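Take a first walk through this protein model. Keep the sequence and the 3D view side by side as you read.

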Amino acid sequence: MTIPFNRKLDFEYARLQRVAPGLRRIVARNPSPFTWHGTGTYVIGEGNVAVIDPGPDLAEHIAALLAALAGETITHLLVTHTHRDHSPACRPVQRATGAYTYGFGRHGSGTIDAGVQVEEGADNDFVPDVLLADGDIVTGDGWSVECVHTPGHTSNHMCYQWREPKALFCGDHIMGWSTTTISPPDGDIAAYLKSLELLLTRDDNCYWPTHGDCVRDPKPLVRALIAHRLERADEIRACLADGVDRIADMVPRMYADLPETMHSAAARSVFSTLVYLIERQEVSFDGELHATARFYPKA
Ligand SMILES: [Zn+2]
C-alpha cells in the first residue's frame with residue numbers, strides 16, 4: 001500500500017518564513033533519518049505570538065528565531081512532546097523572553113506505570129509551567145488553540161488546533177514525509193491507533209507537522225497510516241506463523257527495502273507492534289518482555 005506523503009519542503013535554514021496568513025515557520029539545522037530536514041518551529045500570530053515546539057538546543061536556530069521576532073513578543077511556548085528535537089530550546093528562549101511554557105507534562109507523564117524507564121532521545125528536564133489537558137483552550141492575542149491529547153508517539157503528545165483556520169499542529173503524531181516512530185515503553189501502538197482514530201472524528205482543515213509540509217487533505221493520510229500499522233501487525237503474525245520468532249529475524253524480512261542503518265529503528269517499531277499483539281492476547285514470549293525475547297502465537 002502507498003501512504004500519501006508529501007516529500008517536498010520549501011525552506012531555508014535559520015530563516016523564519018511565512019507559510020500561511022498569520023503563520024510562520026523556521027526549520028532547525030538538525031537533519032537526520034528521524035527528523036528529515038530538521039525540526040519545523042511554528043510561530044502563530046503577529047506582534048504577540050505563540051511559538052510551537054521551539055526545537056532542539058541549537059544556537060543558530062535559537063538566535064535566528066529570536067532575531068526574526070525582535071520587536072514582537074513571544075507570549076506562549078507550546079510544546080507537542082518532549083523529544084530532544086522539540087522542547088530543549090524552550091529553556092534558552094524562555095531565558096531570553098520570559099514566555100511561559102505549556103504542555104501535557106514532563107516526559108513519560110502520560111504512561112500509567114509511574115517510574116517506567118523511557119526511551120532515548122527524551123528531554124527529561126522539561127517541565128511545562130502550565131499543564132494542559134485534552135480539550136483545554138489556550139488564548140493569545142488574536143489567536144486561540146484547542147489542546148488535543150494524542151498519546152502513542154509519546155504518552156505526553158499533544159496536538160494543537162489553531163481554532164480560527166482549524167489548522168492542526170500535529171507534532172510527530174503525524175509526519176508529513178514518513179511514518180512516525182513508536183518506541184516502547186513510552187511509545188504505544190494501541191494508544192497511537194486510538195489517537196489516529198480520534199483525528200478521523202475531527203474537522204481539522206489541514207495539518208502542520210513538525211517534520212514536513214502542510215497536509216491539505218489530512219484524512220486519507222490518517223486512514224493510510226492506520227492501515228499501514230495494521231498491515232505491519234499482519235506481517236508479524238505471518239512471521240510467527242512461519243516460526244520466525246525473533247525481532248532480529250523479522251526485521252530483514254519485513255523491511256527488505258530499508259537501509260541496514262535503519263534496522264535498529266525498525267526493530268523498535270516491530271517490538272512496539274509485538275507489545276500491541278501481546279496486549280491483545282495474541283502473542284506470548286519466553287522469559288522477560290524484551291526486544292531479544294522469543295515470541296510465539298498464543299494458543
Ligand atoms: Zn518525537
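Gln 281 lies in the loop between helix 6 and strand 13 (283-285). Helices (H or I, at least four residues) and strands (E, at least two) are DSSP runs, numbered from the N terminus. The model is predicted: local features need pLDDT of at least 70, side-chain atom pairs count only at pLDDT 80 or more, and totals for chains, interfaces and linings use all residues. Residues are numbered from 1 along each chain as its sequence is written, and side-chain values use heavy atoms, with hydrogens and water left out.

Most residues other than glycine have a negative phi, and most peptide bonds are trans. Gln 281 has a positive phi, near 65°. Its relative accessibility is 52%, so Gln 281 counts as exposed. Here buried means under 20% relative accessible area, exposed over 50%, and partly exposed in between (1.4 Å probe, protein chains only).

Ala 14 also has a positive phi, near 65°. Look for Ala 14 in the segment before strand 1. Ala 14 counts as partly exposed because its relative accessibility is 28%. For a cis peptide bond, go to Pro 184 and Pro 185, where omega is about 5°. Pro 185 sits in the loop between strand 11 (167-171) and helix 3 (189-200).

Now step back to helix 6, residues 263-279. How many of its 17 residues are buried? The count is 13, so helix 6 is largely enclosed by the rest of the structure. The expected span of a helix is 1.5 Å times one less than its number of residues. For the 17 residues of helix 6 that gives 24 Å, and the end C-alpha atoms are 24 Å apart, which agrees.

Next come the sheets. Strands of a sheet pair through backbone hydrogen bonds, either parallel or antiparallel. Two strands count as paired if DSSP finds at least two bridges between them. Strand 4 (residues 48-52) and strand 5 (residues 73-78) are parallel, with five bridges. Val 51 stands opposite Leu 77 in strand 5.

Contact means heavy atoms within 4.5 Å.

The axes of helix 1 (residues 59-68) and helix 2 (residues 90-97) come within 10 Å and cross at roughly 35°. Axes are lines fitted to C-alpha atoms, for helices over the stretch in contact, and angles run from 0 to 180 degrees between N-to-C directions. Which residues of helix 1 meet helix 2? They are Ile 62, Leu 65 and Leu 66, and their partners in helix 2 are Pro 92, Val 93, Ala 96 and Thr 97.

A second open sheet has five strands in the order 8-9-10-11-12, and its pairing is mixed. Strand 8 (137-139) and strand 12 (206-209) are at the edges with a single partner strand each, so one side of each has no neighbour in the sheet. From one strand to the next, the twist averages 25°. Strand 9 (residues 144-149) and strand 10 (residues 158-162) run antiparallel, joined by five bridges. Val 145 is opposite Trp 162 in strand 10.
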